[in-house]
Amino acid sequence: MDNSIWISILGFLATVVLAFTVGVFYGGFVRKITARIQNRVGPPVYQNFFDIVKLYSKKTAVNHGWMQHLAPALAITASVTSLMFIPILNGQGWIWFENLNFKGDLIFLLYMMVFGSLGMALGAGQTGNPHSAIGVSRGLSQMVGYEIPWVLALVAIMMQAHTTSITGLLEYQNANGTWMMFESPLAFIAALMAMLGMFHYAPFDVPFAPAELASGPASEFGGKYLALMMTSGSIFAFVKLVLIVDIFMGGASNLIMLVVKTFLLYMVPVLYGIVSPRYRTEQSIRYFWGWPTLIGVLGVLYVVFTR
Amino acid sequence: MNSLFLIILILMGGAVLAYLAKKVNPMLSSIVSFVAIASSAVVFFLMTDRESVILHIGGFELQWGLNAYSWVFGAMVISMASLASLYSIAYMKGKDRLGYFNLNFTLSVAAMMGILFSMDWISFFIFWEIMTWSSFLIIIYNGISEGKIGIKYMIFSAIGGYSMLMAMVITKSQIDSFLIADLISNFSSMSLGLQGLIGVLFLIAFSVKSAVMPLHVWAPRAYADSPMSYTSIFSGLLSKMGVFGLGIMLISVFSKTTNGNIFIYSEVLAWLGAITGVIATFYAVIQTDAKRLLAYSSVAQLGYIVVGLAIGTKLSVMAAIFMAIMHAIFKGTLFMAVGAVERQTGTTDMTKLGALIRKMPWTFVASLMSIIALAGIPPLGGFVGKWMLYESLITSDHYFLIVMTFLSSTAAFLYSYRFLFGIFLGQEEKEFEDVKEAPAIMVVPMMLMAGSLFFFGMFPGYIFEPIAKGMEYLGMGQVDWNMTVLSNGWGDHVDTLSIINSILTVVGIAFIFLGLKNRKKTRYVTTKDIHTGGEIPTENENLTYAVDFYKPFERAIEPAMKRKMDFYYNKFGEGIETLFDFVRRIYTGNGQTYAIYVVIFLVILLIFSKQIFF
């Protein structure tokens, strides 16, 4: 068999394992930090890893139909496929395991990233749980909110670098020697504010709202389903972080830089969330259509007039 | 015999035969209609070279022909109409006035083909009016407050028709020819004022049919209240005739204006298209009736297509025509699916329906595929069109248009989910316990169309090829395309095959791991058997979440939804009424008053005689 196929399969596996490990441990850190701020001891950082392993080993007793079977599969598909299109480690002209990095671009990723939520939403819908339906309705509504500043930010940097591909943006930052966050600061602020919504931490945790909705869309999923969803969630958090690091912070050339950058970035929604109560859905949407959108528009105008 | 002539003849003859066949057997009428459309489809696809024919009728010379551009639309119309008429056989079974319905159904297909074949404005206009009338007659077929909906449609169609007629007459008086090709070649030699006038008139004519913002108000009700087998071509194909005309106008006529650039108001048209997209999407989100939801969504999708055509770069025009074809397929399928649901359950109200997924699995699969394509989620054909549209907008510096289109296409996820959830998912309802899957003759066309969405998502090149030829015919120069790789002006690209492979692999692995291993071990439970915080729901307890599904979103967008366009038209109508009321007061019917008017008129003449006569 051709050698390159094995290398690409190895690359695929290595990327997934890395994303999974980092994502799961970040989840643990968040639990620990939350606990410390709330003056608790909190679980160990590897607790999420144990949870996932435990859930994988559980048997599932009941189901509500084939869409429910399919939903976690769709969720993990979105996470893993998005991961394949994002450069994880890169430097001057090299990329660590390029996977499918050159086969897609940012606009494709925008759509690929909602694939999983919609698949999950369909599975949650089939269970017939009203909490799930309410959660989905809230989640999709809020998505319309934060996608607007997010797209504005992306448009601004795509105009700036004259490319829509992530590798192209990395090359641009490498060639210019600066990070995008300093070249289009307004776009970066807009993206950061949109990111608060994307990570669904408080005050934007309306779709899952543990106190009202019993964790919303996920409420009918247990055992292996939940394990797969947690895996997918961990990978997806990593995907979002690496994407923002790639397009705004010049990527990372080694693992330590990657961890430092993504972790700092991750702390923005987490620390903001811990001390915040929860918005109502319409407040959340209006929040995103207010200042973040305005800053995004200014960011686009800034690029247009300084280019 | 000439194939074009033969196609029109078969369709026209089929229409009449279908009407007569009703007398023998109602079912036969639908079958005759299907056979006529399907056989003309065979003739159409067997045609090897571009033929043309000249007819002499009443001193006029009518020219018909087929070019690369109209072939794209022709292939779309005739193949989708065949599937829709096949579906119609089962859908219309047992309904009354089938002869009337099939006559108009076949006639509108004939009219659409005629529009595409027309090489001069006379036959274009004749077929355009046949299309308008036959669709009008079908709108009033159901008899649901036909007065209002039908008249609204007729008024707007009349506005469109008369503008077209006026533009044609002006064209004739200027260049002494009714040929479309002559207008294209002579347009640049006209004065700027005339170019503007003809342009605006034609744009109004075509915008009415493609439901662009201020002229869209007829569309939602007209789409929702016609029989579904017709709506699938009404929304899928008839609206594309407007797109067809807009394409000719924007690409080959306006690009030849004297001031060099693409016509100045193509920007305006693009913005109108984008605003149409946003507002119509918002309205689609708050609908509770599945048909209305799809109808508003059609208006929104046509908005994107207009944006693409109006921008006028190679990529955007390619995107627009590609999206037009995709929209025809997925919206046709969705209307068919709603029709199947309506036929099996008797309602399309999403607050009443629920959990049909286990009863109508094939309809669900077809709807799911179409909804994925509608939302533009990657593996299916809808994504290709959306991607090209965004790339063309961003590479041509339309940064705020891209945000508008993105807003509407993100909000489209809301109604997409609502549609699937409201009909197929959610709590099982007692009323619909015995619902069965629709007959095979309805399911097969739906599944074929849904399958084609997947195929064209994988190999979009099969559609790019004819579109590229059509665009070259319209004078856009060499258009590059690739079977599976999409690329934009900046050299960025997306490879559809890698995407599909990646998605299928991961879904496959995850599903085998979860689904197949778990399928036998798990037990199916009803939707009452769920996590409810410890309480066991009783038999009659209602756990459905279907009313005011997107209430928070409605609250957030409230300011944008205060006024409907209808409101302005009604105000305009009232204004006109007041004006005429005033005019009526002048004509009192009293001889004395008229005498006074004459006196006043003479006095005015006397006073101002110097200014008037000298």
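Q: Of the contacts in chain B with a separation of 6 or more, what share joins residues 24 or more positions apart?
A: Two residues are in contact if their C-beta atoms, placed from the backbone, lie within 7 Å. Here, residues 24 or more positions apart make up 79% of those contacts in chain B. This is a predicted model, in which local features need pLDDT of at least 70 and side-chain atom pairs count only at pLDDT 80 or more, while totals for chains, interfaces and linings use all residues. Residues are numbered from 1 along each chain as its sequence is written, and chains are lettered from A and ligands numbered from 1 in the order in which they are written.

Q: What does chain B contain in helices and strands?
A: Helices (H or I, at least four residues) and strands (E, at least two) are DSSP runs, numbered from the N terminus. Chain B has 22 helices and 5 strands, and its C-alpha trace spans about 105 × 60 × 60 Å along the principal axes.

Q: How many residues of each chain join the contact between A and B?
A: Chain A gives 70 residues and chain B gives 62. Elements of chain B that each supply at least two residues include α15 (381-395) and β5 (523-524).

Q: In which sense do β1 of chain A and β5(B) pair?
A: Strands pair if DSSP finds at least two bridges between them. Here, β1 (residues 62-63) of chain A runs parallel to β5(B) over 2 bridges, with Y524(B) as the bridge partner of N63(A).
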